[in-house]
Structures are given as C-alpha cells and as structure tokens.
Amino acid sequence: MKITHAEFAAGARDSDQFLQEPLPEVAFAGRSNVGKSSLINSLLKQPGLARTSSTPGRTQQINFFRINRKFLFVDFPGYGYARVSQAVKSSWMALIRSYLERREQLVLVILIVDSRIGPTPLDLQLLEWMQFNRLPFIVVSTKADKLTKGELQKSIRHTESLSQGARVVPYSAVNNLGHEPLWSILIPLLEK
Ligand SMILES: Nc1nc2c(ncn2[C@@H]2O[C@H](COP(=O)(O)OP(=O)(O)OP(=O)(O)O)[C@@H](O)[C@H]2O)c(=O)[nH]1
Ligand SMILES: [Mg+2]
C-alpha cells in the first residue's frame, strides 16, 4: 500500500480519550519492548512516527495514528514489564481491555511476540481472552533477524502451536522480512 499521509492523531490514558472517528482500526499489542512501535514504523516506512526505545515501557498510553486519512493504527503500551508498579500495570491492562471490549471499528489485533522467546504466559492469556471474545487477531513473530533460518522455522512452529489457530507471520523491522505478507493480510480488511 502506498502511504501518502501518516500522523499522530491522539493519545489516550483513559477510555474517554479514545479517538472517535469512523475509520477501521488495527491494534498492536504485546509485551513491553517486543517491538510494537517499531512494527508500526516499519509497516509505514516512517522511522520516527511511533516512538521506540531500547528500554521497556516507552509507550505509556494508547496512541492512535491516522494513515492516508483512511484508517488508524493503534499502538498499545506493553505489558509484562517488571519495573512498573502493580498499580500502573493493572491500569494499562484495564485500559487495553476497555479498548478491546467495545471497539466496533477494530478490524484486527496484531499480537506481537519475540521470535527468540515465543508467546509468554501473558501473551497466552491475551490470546485466550481474544479467542473467547471472538476478536479477529493474528500473531506477528518479530526480531526474526536475530535467528538463523532453521531457528526461525522452529520458533514459528512453536508459536503456531500455542496461538489458538491464529496465523503467525515472521517479521523483522531491521530487514523488512514479512512486510509484504503482512500488508496482504491488512489491505483487504482496511479496504472493506
Ligand atoms: N533486531 C531487531 N530489533 C528490533 C526489531 N523490532 C524492534 N526492535 C528493537 O526493540 C526495541 C524495542 O522496540 P519498540 O518498538 O520500542 O518496542 P515496544 O514494544 O513498542 O516497547 P514499549 O512501548 O516499551 O512497550 C528497540 O530497541 C528496537 O530497535 C526487529 O525486528 N529486529
Ligand atoms: Mg512502544
């Protein structure tokens, strides 16, 4: 897809700050530091759009990005970061859940896992919860550039076996592996 326009549209720390625009949305969820914001930038080829960091806990609110004035990418704060207080952790989870529970314009949740690790217990909880609530989701296994071909194949099979039947797409924001396959999943959903 040709990206002609990409902009930060809103940040929400509370559900009443969620953007209210009748555009289809794709949400990016996953563990802290797994590469959610990097995946957004890589898909859009806009390196500085979503802020990224080598220290976990960079994204601390739900950020909405408006693309081509036609759809939105939604960047979640990461979960599972040990050095965030329990109170903050549960407020982020509550925020994410309140978004996922009633978001009619949501066309897909992309759950991002680290190919070197695979789904963690918190990822599995979210996967099960999404399956139970019949949300549309896929898994992106990122940082694939850190593995050999053989290791990556093994890791994808492992992730598939744990992903509630969801499609698993290997990805790297460093060498753009997975860019085309992922867009070919997104385009029909966004152009509906
Ligand atoms: N090698 C490699 N590094 C990556 C890749 N994607 C992200 N990273 C690195 O992983 C770190 C975290 O990336 P972010 O995109 O900030 O991660 P995040 O999931 O948005 O993190 P939070 O907002 O803190 O939850 C950064 O140092 C990125 O450069 C990838 O595909 N390959
Ligand atoms: Mg982030």
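The residues lining the second largest pocket divide into four nonpolar, four polar and four charged; here Ala, Val, Leu, Ile, Met, Phe, Trp, Tyr, Cys and Pro count as nonpolar, Asp, Glu, Lys and Arg as charged, and the others, Gly among them, as polar. This is a predicted model, in which local features need pLDDT of at least 70, side-chain atom pairs count only at pLDDT 80 or more, and totals for linings use all residues. Residues are numbered from 1 along each chain, and ligands from 1 in the order in which they are written.

A pocket is an open set of points on a 1 Å grid over the protein atoms alone, where a 1.4 Å probe fits and protein lies on both sides within 12 Å along at least five of seven lines; lining residues have an atom within 4 Å of a point. The second largest pocket is lined by residues including Phe8, Arg13, Arg58 and Asp75.

Ligand 1 takes the space of the largest pocket. Asn33, Val34, Gly35, Lys36 and Ser38 lie nearest the centre of this pocket, among 23 lining residues. By class, the lining of the largest pocket has four nonpolar, 13 polar and six charged residues.

Around ligand 1 there are 23 residues, and Lys36, Ser38, Thr59, Asp145 and Ala173 come nearest; a residue counts as near if one of its heavy atoms lies within 4 Å. Polar contacts are pairs of N or O atoms within 3.5 Å. An oxygen atom of ligand 1 lies 2.6 Å from a side-chain N or O atom of Ser38. Polar backbone atoms also take part: that of Gly35 is 2.9 Å from a ligand 1 oxygen, and that of Ser53 is 3.0 Å from one.

Technical notes. Side-chain values use heavy atoms; hydrogens and water are left out. A polar contact is a pair of N or O atoms within 3.5 Å; within protein, one must be able to donate a hydrogen and the other to accept it, and residues adjacent in sequence count only if both atoms are side-chain atoms. A molecule sits in a cavity or pocket if more than half of its atoms lie within 2 Å of its grid points.
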